[in-house]
Amino acid sequence: DTLLLLMSGGCPPTEETRKETNNAVDDDDDKDDDDDDKDVSMCEFRVACVQFEPAHGDRTKSFEKCLRMLDAHEHVLLSSSSSSVVAPLSIIQFPEMCFTGYTFDSREEIEPFVEWDDEEEEEAVTRQFLSSVAKRFDCLASAGYVRGIRDAGRKMYYNAVQVIDEAGRVILRANKHHLYCIDETWADEDIESGFTSLELVLKARGIGNTNSSRSSSSKVEEYRIKTTVGICMDINPYKFEAPWGAFEFAKTIEKASSSLILFASAWTNAHPDDDAETKAIVPDRTETWNYWFNRLLPLFVDQEKEGEEGILRPRKRAFVFANIVGVEREIHFVGSSVVFQIERGGKLIVKGGLDNKKEGILVARVECNGVKVL
């Protein structure tokens, strides 16, 4: 079921304020926006999140586990291929550092898992795996990995994400901007690049509203969609030292006018220095969700059609959050992968979510702003 969440007083909802609905979109609420947004294309597509426990230090085992999970869900993932009424699957999102595991104590320990930008595909095993997934499901595939860049004789290691297309091409590589303390044992900080925003070309169906009802085209076409990419700690204040209200990641999304947000994480509810009892606590998924929603607060409030600089704000933004589960070196990861939308006016719609401890694949349909590729 889709969960429809209405923001109250600018504060993300608690479990008590949540109500279930069978419809992801209220057609009556959309009519006024449609009158104002005749110049904006809306499209729909499906996304998938793969949530699992990595085999720490063994990418081959992690790849094999993911393949078994994809095999088990193939009928759902490929359903759009044989149906004109199901939106196309456009992207499969894997979590942060999901094939190597997340916890490493030094550069020496993580060095065997570094994948260099200048490597051939045969050597870059994560790229090779994502390429096979993208080709199999005819969509983009995105995952976290350990990135290496050779810069003027220096070896730079980054916690990063890469997106691969159906032809096996690297569409983007994005480095984690806000490092967590576990990252600092090995990763270089990418100070200059900042958060990554760009246009992705995705397969989607155009949607609109007639005077009587919402309508969808059965034709699958390509749309350019403004996208922002984040990795786990990126959603938090820098080093937990910046003010809570700095909202660096949310304000980047707003400034870029992004309507699709891809978020890979290895989210935990504890610090490495916490006692064992605290580390073992895995919060309910709604607690994790509400924390993430709170870190996106600027996207809920004061959402008029235009921003301060006259930029047209998206009428609908889609968020794809993929997280890992399991335990590494006493660190418990909290799962709770989720797909949701934030609409102009502060409406939050949870399109689907996974458990806080179990592995699984989430497939959900989303709607967002896009520009049709002519």
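## Cysteines

Let's start with C43, which is buried, at a relative accessible area of 0%. This is a predicted model, and a search through the whole of it turns up zero disulfides. For C43 the reason is distance: the closest cysteine sulfur, in C368, sits 4.6 Å from the sulfur of C43, which is too far for a bond, because a disulfide needs the two sulfur atoms within 2.5 Å.

C181 has another kind of setting. With a relative accessible area of 25%, C181 is partly exposed.

## The chain as a whole

The chain has eight helices and 17 strands. Of its 374 residues, 55% are buried. Sequence separation is worth a look too: take the contacts between residues at least 6 apart in sequence, and 73% of them join residues at least 24 apart.

In soluble globular proteins, nonpolar side chains tend to be buried together. Here the largest nonpolar core has 54 residues. Which of them touch the most other members? They are F45, L296, F319, F321 and F340.

Setting aside neighbours within four places in sequence, F340 has contacts with F293, L296, R317, A318, F319, F321, L348, I349, V350 and K351. Apart from this core lies another one, made of 42 residues, with L70, F104, I164 and F333 among them.

## Helices α2 and α5

Two packed helices are described by the angle between their axes and the distance between the axes. For α2 (residues 59-72) and α5 (residues 125-137), the angle is about 10° and the axes are 11 Å apart. That angle is under the 35 degrees cut-off, so α2 and α5 count as roughly parallel to each other.

On the α2 side, the residues that meet α5 are R59, F63, C66, L67, L70 and D71. Their partners in α5 are V125, T126, F129, V133, R136 and F137. Sorted by type, the residues of this contact come out as eight nonpolar, one polar and three charged.

F113 is found in the loop between α4 (107-110) and β5 (115-116). Beyond neighbours within four places in sequence, F113 is in contact with G57, R59, T100, F104 and V146. F113 and T100 are 13 residues apart in sequence, with their C-alpha atoms 7.1 Å apart in space. Two of these partners turn up elsewhere: R59 in the α2 contact with α5, and F104 in the core of 42 residues.

T288 belongs to helix α8 (residues 285-294). At 4% relative accessibility, T288 is buried as well. Again leaving out neighbours within four places in sequence, its contacts are W267, P283, V334 and S336.

## Positive phi in two loops

Most residues other than glycine have a negative phi, and most peptide bonds are trans. D138 is not a glycine, yet its phi is positive, at about 55°. D138 lies in the loop between α5 and β6 (140-151), and is partly exposed, with a relative accessible area of 43%.

K239 also has a positive phi of about 55° without being a glycine. Where is K239 in the chain? Look in the loop between β10 (214-231) and α6 (248-256). K239 is partly exposed, with a relative accessible area of 31%.

How values were computed:
Residues numbered from 1 in each chain as written. Predicted model: local features only at pLDDT ≥ 70, side-chain atom pairs only at ≥ 80, totals over all residues. Heavy atoms only, no water. Buried < 20%, exposed > 50% of the residue type's maximum accessible area, 1.4 Å probe, protein only. Axes fitted to C-alpha atoms, helices over the stretch in contact; angles between N-to-C directions. Helix = DSSP H or I, 4+ residues; strand = E, 2+ residues; numbered from the N terminus. Parallel < 35°, antiparallel > 145°, perpendicular 65-115°, else oblique. Contact = heavy atoms within 4.5 Å. Nonpolar A, V, L, I, M, F, W, Y, C, P; charged D, E, K, R; others polar. Core = buried A, V, L, I, M, F, W, Y, C linked by side-chain atoms within 4.5 Å.
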